[in-house]
Amino acid sequence: MIERLIVDGLVMGLCATFLMDLWAWFVAALPGQAAVNWAPVGRWVCHLRNGRFAHDNIGTASAYAHESMIGWLFHYAVGLAYGVIFALLAGEGWLRHPSFLPAWLFGIVTVGAGWFILQPALGLGWAAGKRPNRWQIRLLNLAGHTVFALGLYGGALLLQS
């Protein structure tokens, strides 16, 4: 039972993270938008090994080899973990009869990790509060995590077929 929830959660997490990345690539193609850069997150992960959690500006922290790859791996590890956590919380009943609302609520809740843990640790402030375009970042975060929720829901539908 629990093994099945974990496997299903991994599938849903992979679907959700991949769909979120497709969304990010679409947004990056719009005028005035930049592509997502996972290198700063990779740099942050590397600094965790040295006991450094928070930075005033991750861009000025010492660089590491393969930061971008490490950031991408971390991004997918978190997405897979979220998928498993959601599957365990939602349970077998939801997996047998998935609906979007629980997935969406979970997706929106997960924005909090970025806003209140990752972004401050990178030196961006709470919910990117130190950035001049903080409201644009916040809206894109909410949209991205809504797309992540669609991926959780879609992954659950795929598991039924």
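A salt bridge here is a side-chain nitrogen of Lys or Arg within 4 Å of a carboxyl oxygen of Asp or Glu. By that rule, R4 and D8 make one, with their closest N and O atoms 3.3 Å apart, and the count comes to three salt bridges. Keep in mind that this is a predicted model, where local features need pLDDT of at least 70, side-chain atom pairs count only at pLDDT 80 or more, and totals for chains, interfaces and linings use all residues. Residues are numbered from 1 along each chain as its sequence is written, and side-chain values use heavy atoms, with hydrogens and water left out.

**Salt bridges**

- R4 and D8 sit four residues apart in helix 1, about one turn of the helix (helices are DSSP runs of H or I, at least four residues, numbered from the N terminus).
- D8 is buried at 6% relative accessible area (buried means under 20%, exposed over 50%, partly exposed in between, with a 1.4 Å probe and protein chains only).
- E67 pairs with R43 at 2.6 Å, N to O.
- E67 is in helix 3 (residues 67-96) and R43 in helix 2 (residues 39-48), so this pair ties together parts 24 residues apart in sequence.
- E67 is buried at 10% relative accessibility, and R43 is buried at 13%.
- R96 bridges to E92, with the closest N and O atoms 3.6 Å apart.
- E92 is partly exposed, at 31% relative accessibility.

Definitions and conventions
Helices (H or I, at least four residues) and strands (E, at least two) are DSSP runs, numbered from the N terminus.
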